[in-house]
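Hi,

Here is the structure I promised to pass on. Have a look at it first, then read my notes below.

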Amino acid sequence: MTRYFDALETRSADERAAALARDLPAQIARAKALPGYAESLKDVDPATITSAEALAALPVLRKSELSKAQAANPPFGGYAALPTSGYAHIFQSPGPIYEPGGAARDWWRFGRVLHAAGIGPGDIVQNCFGYHLTPAGMLFENGARAVGAAVLPAGTGQTELQVIAARDVGTTAYAGTPDFLKVILDKAEEMGISLGITKATVGGGALFPSLRQHYRDRGILCLQSYATADIGNIAYESPAMEGMILDEHVVVEIVTPGTGTPVAPGDVGEVVVTTLNPDYPLIRFATGDMSAVLEGQSPCGRTNRRIKGWMGRADQTTKVKGMFIRPEQVAALVARHSEIVKARVIARREGEMDTLTVQVEAPGNDGAAYANTVAEVLKLKGAVEVVAPGSLPRDGLVIEDQRRYD
């Protein structure tokens, strides 16, 4: 028998709509009172915004706009409902973009994610998301507290120490990027150490079917979630593994990329999210991610709508090894070296791991000369290939994702 995180997960469509009609106007009113929304919501009557359909009349807030607002009015650009000191944490993601964080129970709504993966009291979660500046580590830690699980705050890297710690403390569950769990398991096998991890909840990158099967063959249930640093949990998998179920405290729309116009049901479009978190009321926030609504209800019994999961980016921004690479970073790489004419970043998949190759048009063939710049600007290490000027395609792409997601 399925055990649910709370009664919200099995509400009827009418109950969910009634709750939204009650809560959404209050959230719009909170947002309207903030400096960030002073212009875009000035003519909006919050009482009239009672559904996702009504939200479609409001403007979309894009990350680029949020970044500009934060630069002019740091750190949160006038979009935060609390003073900066009123939050438990202030994070900085690449951009830079600043995000607030709270310490209240399940502030980012990740308890729902961990619960769906079977994590709860008696479990010890090896949290391999980063804890420094970016919020991912704290998102999962806050969720673990909500379900009563203990946390080993492992962070990233140091694979041998990760294995020893997992053995010594008796880790039963993993949280982190999809790839890194395999790195830990492979290292444990190499060291002759048996680990007790049987559950995993992953994010920050695509969980490829072959990798999920690899974990299943090792007796590990691995489920993925979809979240952003700004919003928190948006959708998550249940053991049914049919699409991703929407969180109960967000409103998700799928729109034509670059617009705020909803697509036809089932069509692929950009994910736009309105959060009901009163501390940080982001309204129609464009994630830049692509997905589509999956019709029907999950076999697990949860009744909220589902999306098909991550289906690429609305722009060329690409996530590799849990880190976003943006077109402006590629431009910055070219600007660092006057001899570079053009650059192209290529993401591939080799041996269940993301790989990064940077092709630069420049004289000579010394790729090593640009390795440090690549690591500094892209925040990731990658192979550098020097190609002859004029040889890269003139197709507008500066970031090419060659990985397959089917």
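Below is what turned up, going from the whole chain down to single residues.

Before you dig in: this is a predicted model, so local features need pLDDT of at least 70 and side-chain atom pairs count only at pLDDT 80 or more, while totals for chains, interfaces and linings use all residues. Residues are numbered from 1 along each chain as its sequence is written, and side-chain values use heavy atoms, with hydrogens and water left out.

Overall picture first. The protein has ten helices and 21 strands (DSSP runs, H or I of at least four residues for helices and E of at least two for strands, numbered from the N terminus). For 406 residues a compact globule would have a radius of gyration near 22 Å, and the protein agrees with its 22 Å (taken over C-alpha atoms; the globule rule is 2.2 Å times the number of residues to the power 0.38). Along the principal axes, the C-alpha atoms fill a box of roughly 65 × 50 × 40 Å. Of the 406 residues, 51% are buried (under 20% relative accessible area; exposed is over 50% and partly exposed lies in between, with a 1.4 Å probe and protein chains only).

Now the loop between α3 (63-72) and β2 (89-93), where Gly77 sits. Gly77 is buried, with a relative accessible area of 7%. Not counting residues up to four places away in sequence, Gly77 touches Gly36, Ala69 and Gln70 (contact means heavy atoms within 4.5 Å). Another cis bond runs from Gly95 to Pro96, with omega near -5 degrees; Pro96 is in the loop between β2 and β3 (97-101).

Towards the other end of the numbering, β19 (residues 353-361) pairs with β20 (residues 383-387) in the parallel sense, over five bridges (strands pair if DSSP finds at least two bridges between them). From β19 the chain goes through helix α10 (residues 371-378) to β20, a right-handed β-α-β crossover (with the strands pointing away from the viewer, the path from the first strand over the helix to the second runs clockwise). Lys379, in the loop between α10 and β20, has a positive phi of about 65 degrees without being a glycine. Lys379 is exposed, at 53% relative accessible area. Glu352, in the loop between β18 (342-350) and β19, also has a positive phi, near 65 degrees.

Cheers
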